[in-house]
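Here's a quick tour for anyone meeting this structure for the first time.

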Amino acid sequence: MKTSWRSASLVASAAVVLALTTACGQDGGSATGSQNVGATAAPGDVGDIGAGAGTADGLGTGADGARTPASPPESAGKLSVSTNAEIGELVTDGAGRTLYRFDDDTAKPPRTTCENDCATAWPPVAADDALAGEGIDKELLGEVTRPDGTKQLTIGGWPAYRYAKDAAAGDVEGQGVGGKWYALAADGKKAKAADRPGLSTRDDSKLGEIVVDKNGMTVYRFMKDEAWPKPVSACTGACLEKWPVVAPVEPEDTQGVVKKDLMTFTRPDGAEQQTVDCWPVYTFAGDKNAGDTNGQGVGGTWYAVAPDGKPVGAPEK
């Protein structure tokens, strides 16, 4: 990442890490194939779909998880590359609509996990008439056989979708939804704002300056957690389904966040979690798009995080 905040010398980074590992009385952790794109994955290669598959927009696969026939995927037409001011270059179909990929899918081998209600919110793109337009390498176009037998377009191995809430050509309402849906770049990778750091800040119109993750999703604190003498998370089990932990971030991969006591710790399940000012931090599953703050004040215990780690808007003790 060619940005000024990552240009600190190794000596300076080592000094920061040394300070962080002692600030909260414990060691702090740190963050640390190519497919034959023209090939078709057979239905038997799709694999079992977990109960949570395709729920990034609050939608499931049906009460019994059955794979029911769906409407045939809508044709793709001539694909091309468009530029969005915030996201950068992304793939659009013949009608100018943005194409997306889903993190729960796989590219090696191609596999789709979005079915039933999920496929209604995120309609699969048909593979049969897809053409490579300007900026698209036809060698990266392929297809995957969906569980209902229809053929879905893949780009760089990733199954391609549209988003039902994109009302017009050029819309990108699906970008970052649930932290799992992203516009497709021409090489099949995620199209997202280049050089966005692992943690940064943004100016929210209601909350002021708050911390966001690499996807622009708001970062929160849980008032039942502890920071001193060492970080302790009180969010476990089902709580983590609603409040996913923020994964480790290198101190130099941040912008606007106070680096003092910016460290990670090991949870009881062995996972590493990021802290700000030694306080464990999370995102909220109820935030569907970058910039959402639906977790603010939930239960009187969850609050957005200020650059210095303090909870924004929390009642004073």
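D103 and R101 form a salt bridge, with their closest N and O atoms 3.9 Å apart; the term means a side-chain nitrogen of Lys or Arg within 4 Å of a carboxyl oxygen of Asp or Glu. This is a predicted model, where local features need pLDDT of at least 70 and side-chain atom pairs count only at pLDDT 80 or more, while totals for chains, interfaces and linings use all residues. Residues are numbered from 1 along each chain as its sequence is written, and side-chain values use heavy atoms, leaving out hydrogens and water.

**Salt bridges**

- R101 counts as buried at 7% relative accessibility, whereas D103 is partly exposed at 26%. (Buried means under 20% relative accessible area, exposed over 50%, and partly exposed in between, using a 1.4 Å probe and protein chains only.)
- K190 joins in too: R101, D103 and K190 are linked in a network of salt bridges.
- D104 and K180 also meet through their side chains, at 3.2 Å from N to O. That pair ties together distant parts of the chain, 76 residues apart: D104 sits in the loop between β4 and β5 (106-107), and K180 in the loop between β10 and β11.
- Both partners are partly exposed, D104 with a relative accessible area of 25% and K180 at 31%.
- D308 has a salt bridge with K310, and here the closest N and O atoms are 3.4 Å apart. D308 is partly exposed, at 31% relative accessibility.
- By this rule, the count comes to seven salt bridges.

**The overall picture**

- The protein chain has three helices and 19 strands. (Both are DSSP runs numbered from the N terminus: helices are H or I with at least four residues, strands are E with at least two.)
- Of the 317 residues in the protein chain, 44% are buried.

- (Two strands pair if DSSP finds at least two bridges between them.)
- β11 and β12 run antiparallel and are joined by two bridges. A183 has A191 in β12 as its bridge partner.
- Another open sheet of three strands runs in the order β16-β17-β18, and its pairing is antiparallel. Here β16 (264-266) and β18 (279-280) are at the edges with a single partner strand each, so one side of each is left without a neighbour in the sheet.
- Three bridges connect β16 with β17 (residues 272-276) in the antiparallel sense. T264 stands opposite Q274 in β17.

- You'll find D166 in the loop between β10 (158-159) and β11 (181-184).
- D166 is buried yet has no salt bridge; R97, the nearest side chain of opposite charge, is 5.6 Å away. (Lys and Arg count as positive, Asp and Glu as negative; His and the chain ends are not counted.)
- A polar atom of the D166 side chain lies 2.9 Å from the backbone nitrogen of E173.
- Leaving aside residues up to four places away in sequence, D166 touches several others, including R97, T98, Y100 and G174. (Contact means heavy atoms within 4.5 Å.)

- N215 belongs to the loop between β14 (208-213) and β15 (220-222). N215 is buried, with a relative accessible area of 15%.
- The side chains of N215 and Y182 make a polar contact at 2.9 Å. (That is a pair of N or O atoms within 3.5 Å; within protein, one must be able to donate a hydrogen and the other to accept it, and residues adjacent in sequence count only if both atoms are side-chain atoms.)
- D129 is in the loop between α2 (116-121) and β7 (131-132), and is partly exposed at 31% relative accessibility.
- Not counting residues up to four places away in sequence, D129 touches S75, A76 and G77. The backbone nitrogen of A76 lies 3.2 Å from a polar atom of the D129 side chain.
- D129 and E74 are 55 residues apart in sequence, with 9.9 Å between them in space, C-alpha to C-alpha.
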